[in-house]
Amino acid sequence: MSIGQNVSPESVRACSGAVVAWLGDTAAAIIFALALTRLLAPIVAETGRDDAAIWILLLVAAATLRGLAQAGAMMTGLRHGMAIADAARARLAPALIASAAGRGRLAGEDAELIVAGVDRIELYVARFLPLRRAAMLSPLLVALAAFPASWVAAAILLATLIPFAIGMALAGGAAHRASEDQLGALSRLGGLFVDRVRALPLILSCGAEDRVTRHIGVAAQDLATRTLGVLRVAFVSSAILEFFSALAVALVAVYCGFSLLGLLPFAAPERLDFARAFFVLALAPEFYVGMRRLAAAYHEKQQGVAAHSDIEFG
């Protein structure tokens, strides 16, 4: 069963609406940086300005728009994810009940798959899918906005994407394998626990409490070990993202600072003033915001894909 199978047009529009909302947040961040630059540049230059109130209002409006865009993206994404989850449960429960005798799985494993497994797919669809599409476009929007102020700074930001993409691809492969192992261990533990609870009177009558306790303990320890493996990979991928994010901001800051001071070790490729330099510096942290959000939801992606594979082949 495909993740997007039997999904209503309304839910598809909700997913597209979430992408548009995330991109709207990026656009509002660009407006916020522009308003802040226009507000502070005259103060630094010690010149008066009659339109300061307009830029303050624009600053407040951009901040408000960011909050509304983020809330709207989450709400529309969750609506899309809930539609996917409802369709998946409606198809999955009858299929598992009809094939229970021939698959050799514990009833608890099927119950865990219907409840928790579909929940993982819901979070994957609600958060990761819209963020993945938005993260492909938001850095380009930020670089495009920075280009008129400093094409060199825009090029620096785009250049840091290449090693970042390579590092995240390597970390993503390891995360996929670790997440599949963790989900399998979680399914086994849930199935074992439910099955032993159902057979509890028989276990007590046979005096097998110690043996059953050891079995559950081994399964729980296996799950804990595999969960630590997932967390280890998650920390590595987060470190890669933070490193390149900090590197991009630092390179832009060094270039702008040296350019303003006339200390570049080569001929200046462009002329920068304070307003342009401040604008690109204000935009530099926003360049990786979309990918930060994507990285925060990456674990949900791995859990969702692993759950979907389990639904297809379980």
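**View 1. The largest cavity has a volume of about 80 Å³.** Welcome to this predicted model, in which local features need pLDDT of at least 70, side-chain atom pairs count only at pLDDT 80 or more, and totals for chains, interfaces and linings use all residues. Residues are numbered from 1 along each chain as its sequence is written, and side-chain values use heavy atoms, with hydrogens and water left out. A cavity here is a set of points on a 1 Å grid over the protein atoms alone where a 1.4 Å probe fits but cannot get out; points are joined across faces, edges and corners, and the volume is the space filled by probe spheres set on them. By this rule there are 2 cavities of 30 Å³ or more.

**View 2. Here is the lining of the largest cavity, made of 13 residues.** Lining residues have an atom within 4 Å of a point. Closest to the centre are T26, S138, V289, G290 and R293. The lining divides into 6 nonpolar, 3 polar and 4 charged residues, where Ala, Val, Leu, Ile, Met, Phe, Trp, Tyr, Cys and Pro count as nonpolar, Asp, Glu, Lys and Arg as charged, and the others, Gly among them, as polar.

**View 3. Helix α5 (residues 151-159) meets helix α8 (residues 209-261).** Helices are DSSP runs (H or I, at least four residues), numbered from the N terminus. The two axes, lines fitted to C-alpha atoms over the stretch in contact, with angles from 0 to 180 degrees between N-to-C directions, come within 9 Å and cross at roughly 160°. The helices are therefore roughly antiparallel (over 145 degrees).

**View 4. V152, A153, I156 and L157 of α5 touch A248, L251, V252 and Y255 of α8.** Contact means heavy atoms within 4.5 Å. These residues comprise 8 nonpolar, no polar and no charged.

Technical notes. Helices (H or I, at least four residues) and strands (E, at least two) are DSSP runs, numbered from the N terminus. Angles under 35 degrees count as roughly parallel, over 145 as roughly antiparallel, 65 to 115 as roughly perpendicular and the rest as oblique. On a 1 Å grid over the protein atoms alone, a cavity is a set of points where a 1.4 Å probe fits but cannot get out, and a pocket is an open set with protein on both sides within 12 Å along at least five of seven lines; lining residues have an atom within 4 Å of a point.
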